[in-house]
Amino acid sequence: ETIWNRKLESPIYSSPQIIPNRKEFLVAEVSKNVHCFDFEGKILWSFQTDGHIFSSFLFHPVSETEVKILFGCHDKMLRCISCKEGSRNLLWKTELQSQIYGTPRIITINNEHFYVSASTSGFINFVDSNGEIQHIHKLPGEIFSSPAIFERMIFVGCRDNFLYCIQF
């Protein structure tokens, strides 16, 4: 049984995702809008970007009241929003080499957090918590998939028909 539905302005390609420790979830429209809903279907807030959104979200809880939300856009920007109870703001946006379709991931190396985001031109970017690119690894084909991470290995599919395992 359908409990509720909401008509939005454009298609939804990203996956709706529940914000950790909250009764709220995010969804991104292709038309550059991120919406936060409660479970009854009410829009609590919206955030507009300059690029179409195909990526899903990475949530990085930094305290009991704050979570960082990362996602990529078609305008080549990886964005990081700080979301606290009742407020949200753009912390940074970093331009990558090309459009971003996959969902960013987080890794920890020597107690430092890095965000891993792939661009469609085949680059895997390691971005620090300030939005600075610290390392780049290039694959020979385009990347539309989201990387998977286990310990010190990244698994990613490439348009050259290969699956890659990269150790860092």
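**View A. The hairpin of β13 and β14.** In this predicted model, strands β13 and β14 form a hairpin with 2 residues between them. Look into the turn for Glu 151, which has a positive phi of about 50 degrees. The two strands, with β13 covering residues 148-150, pair in the antiparallel sense over 3 bridges.

**View C. From β14 on to β15.** Strand β14 is also joined to β15 (residues 163-167), by 5 bridges, and these two strands run antiparallel. Met 153 stands opposite Gln 167 of β15. This hairpin has 5 residues between its strands, and Asn 161 takes a positive phi near 75 degrees.

View D. Now we move to another residue, Ser 119, found in the loop between β10 (112-118) and β11 (123-128). Is Ser 119 buried or exposed? Ser 119 has a relative accessible area of 0%, so it counts as buried, the cut-off being under 20%. Beyond its neighbours within four places in sequence, Ser 119 is in contact with Leu 96, Gln 97, Ser 98, Gln 99, Asn 125 and Ile 143. Cys 73 lies 46 residues from Ser 119 in sequence, yet their C-alpha atoms are 9.8 Å apart in space.

Terms used:
Residues numbered from 1 in each chain as written. Predicted model: local features only at pLDDT ≥ 70, side-chain atom pairs only at ≥ 80, totals over all residues. Heavy atoms only, no water. Helix = DSSP H or I, 4+ residues; strand = E, 2+ residues; numbered from the N terminus. Buried < 20%, exposed > 50% of the residue type's maximum accessible area, 1.4 Å probe, protein only. Contact = heavy atoms within 4.5 Å. Pairing = 2+ DSSP bridges.
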